Amino acid sequence: MNDGWNIVVCVKQVPDADDVTIDPDTGTLNRSDAPAVLNRPDQNAVESALALREEVGGTVTAITMGPPPAKAVLQTAVGAGADGGVLLTDRAFGGSDTWPTSLALARAAEELDADVVICGEESTDSSTGQVPPGIAAHNGWSQLTYVESLEPRPDEGVLVGKRDVEGGYERVAAKLPVVVAMEFGANRPRPAGLHRKIFAETEFEPVEWTAADLGIVDRVGLANSPTKVGGMDTATPVERERVRVDDVDELYDHIMEVL
């Protein structure tokens with residue numbers, strides 16, 4: 001570990017929240033209907049990974065799971081300073097909920113011999129916050145969740161996370177390998193340098209792994225996802241009526257009538 005840490009940062013391409021629609025037949029997001037963007041909390045994860053590398057040395061590898069266009073979020077991470085990227089892409093991954101998704105990312109992190117895996121606290125398309133703990137559970141690794149800052153102790157093989165709690169904060173130490181979920185807004189992500197951005201967009205090519213490469217073909221996808229959508233309904237718009245009441249006694253009578 002004196003040569004630095006293998007740092008993996010998980011990033012996700014998500015549909016713009018303002019344009020999301022749901023497929024009524026499958027209960028999954030229509031990702032093609034909305035512009036794809038980098039999950040905002042993952043920007044904080046990328047910045048944390050780069051800052052950690054500055055402290056302990058080593059490498060930062062970005063990984064994402066998705067269709068080929070998801071390469072764009074890896075380009076964003078490489079443009080910011082990541083050393084490389086891995087794209088987990090395979091039709092077999094389609095429809096995966098958080099359980100098989102975290103399994104695929106866990107296997108990829110294992111293949112990369114990761115010391116630290118850093119994620120955003122949650123994704124804006126599902127907001128479960130389940131993937132970072134899922135990665136840790138699948139691999140039997142330590143975990144630090146909802147962390148606002150990191151303090152590495154390389155000589156001890158330990159990473160300390162600072163967490164806000166009611167009335168103050170706490171510091172939690174975890175032995176490597178460890179999975180970290182960074183709190184949204186924990187830092188200010190650095191802008192991509194011009195040369196790095198050009199490299200990311202013109203020369204960078206991610207390593208691509210399939211479900212077969214990870215040995216999990218029969219453990220991913222919609223069929224192997226324990227979360228099922230039982231049904232959906234469209235909310236009926238509510239017409240609101242404004243009523244002005246100036247007298248206190250009249251106000252009381254009106255409230256009781258409404259109730």
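Which residues of the largest nonpolar core touch the most other members? Select V116, I118, L159 and V180: they hold that place among the 34 residues of this core. Keep in mind that the model is predicted.

**The largest core**

β1 (5–10), α1 (40–56), β4 (58–65), α2, β6 (116–120), β7 (142–147) and β11 (178–182) each supply at least two of its residues. Stop at α1, which gives the largest share, six residues.

**The second core**

Next, pick L105, C119, A211 and V220. They are among the 25 residues of a second, separate core.

**α3 against α4**

Helix α3 (residues 98–111) packs on helix α4 (residues 131–139) at an angle of about 60°, with the axes 8 Å apart. That angle makes α3 oblique to α4. The crossing is right-handed. On α3, select T98, W99, T101, S102, L103, L105, A106, R107 and E110. On α4, the partners are V131, G134, I135, H138 and N139. Sorted by class, this contact has six nonpolar, six polar and two charged residues.

**α2 against α5**

Last stop: helix α2 (residues 71–80) and helix α5 (residues 194–202). Their axes lie 7 Å apart, at an angle of about 150°. An angle over 145° counts as roughly antiparallel, so α2 is roughly antiparallel to α5. Here too, α2 passes α5 in a right-handed crossing. Show Q75, V78 and G79 on α2, then R196, K197, F199, A200 and E201 on α5; these make the contact. Three of the contact residues are nonpolar, two polar and three charged.

Conventions: Residues numbered from 1 in each chain as written. Predicted model: local features only at pLDDT ≥ 70, side-chain atom pairs only at ≥ 80, totals over all residues. Heavy atoms only, no water. Axes fitted to C-alpha atoms, helices over the stretch in contact; angles between N-to-C directions. Helix = DSSP H or I, 4+ residues; strand = E, 2+ residues; numbered from the N terminus. Parallel < 35°, antiparallel > 145°, perpendicular 65-115°, else oblique. Left-handed = near helix turned anticlockwise from the far one by under 90°. Contact = heavy atoms within 4.5 Å. Nonpolar A, V, L, I, M, F, W, Y, C, P; charged D, E, K, R; others polar. Core = buried A, V, L, I, M, F, W, Y, C linked by side-chain atoms within 4.5 Å. Buried < 20%, exposed > 50% of the residue type's maximum accessible area, 1.4 Å probe, protein only.
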